[in-house]
Amino acid sequence: MATLRNFPERETPLILLVPGTPLTPKHWMSRWAQWSEHCRVVELGLWDEPHRNTWVNKLNLAIRRADRPVVIVTDDIAALALAWWVEFEVAGAESPVIGALIVDAPNVDLPGADPRLAAFGACPRQPLPFTSFLVADLDGSAQRSMLRLANDWGACPIADEPRGDWGEGWVLLQSIVGALGVELAEPHWASGTVREERRRTAF
């Protein structure tokens, strides 16, 4: 779990949205970016043949350019860029990153399932030094791998399938930024969800 950094109270974090594939207009990350001024998309590029250090450097640059606390939201293979950023940067108490929402991380126990995984080498397994949720819609075979990864990263596992605007994800995001005493504005597409949904550790 994260420890609070020395940030001003009630400062709204910058939400860095980091996709692992090109975004479409209907993707929930695109919709979040359009809706909230606090969300910013980080385009890693090299989608078909990612280069680990290039992706990590782009993520690092986006984090360092932020003038406020940061929450990172990854989708797909971009989760590995985050894990390697923690490994390379030795992110600790002085890091601006206060939390992460990791969605549909690749099955690192089956590297042959996605040839892009080879570019990242062995997946870092040390605990992430901030509050994190690992979200996936799992079948039986992938579930064991994701539980192992969540345990290694110290992430809270959540069973969910992001669809549409994914209001449930906004609830998880709110639970992270709430550590700073901040409440994100409730978007119209999450109306009621923020009040009714709770964390679902359903694995």
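Strands S5 (residues 131-136) and S6 run parallel to each other and pair over 4 bridges; two strands count as paired if DSSP finds at least two bridges between them. Helices (H or I, at least four residues) and strands (E, at least two) are DSSP runs, numbered from the N terminus.

A quick word on what you're looking at: this is a predicted model, where local features need pLDDT of at least 70 and side-chain atom pairs count only at pLDDT 80 or more, while totals for chains, interfaces and linings use all residues. Residues are numbered from 1 along each chain as its sequence is written, and side-chain values use heavy atoms, with hydrogens and water left out.

Now zoom out to the sheet. It is open, with 6 parallel-paired strands in the order S2-S1-S3-S4-S5-S6. At the edges sit S2 (39-41) and S6 (156-159), each pairing on one side only.

Next, follow helix H2 (residues 52-65). Which of its residues are buried? They are Trp 55, Val 56, Leu 59, Asn 60, Ala 62 and Ile 63, where buried means under 20% relative accessible area, exposed over 50% and partly exposed in between (1.4 Å probe, protein chains only). Seen down the H2 axis, the buried residues fall within an arc of 160°, so they line one face of the helix; the arc is that of the directions from the helix axis to the C-beta atoms. The face turned away from that buried side carries exposed Asn 57 and Arg 65. The buried residues of H2 pack against S1 (14-18), S3 (70-75), helix H3 (78-89) and S4 (97-103), with contact meaning heavy atoms within 4.5 Å.
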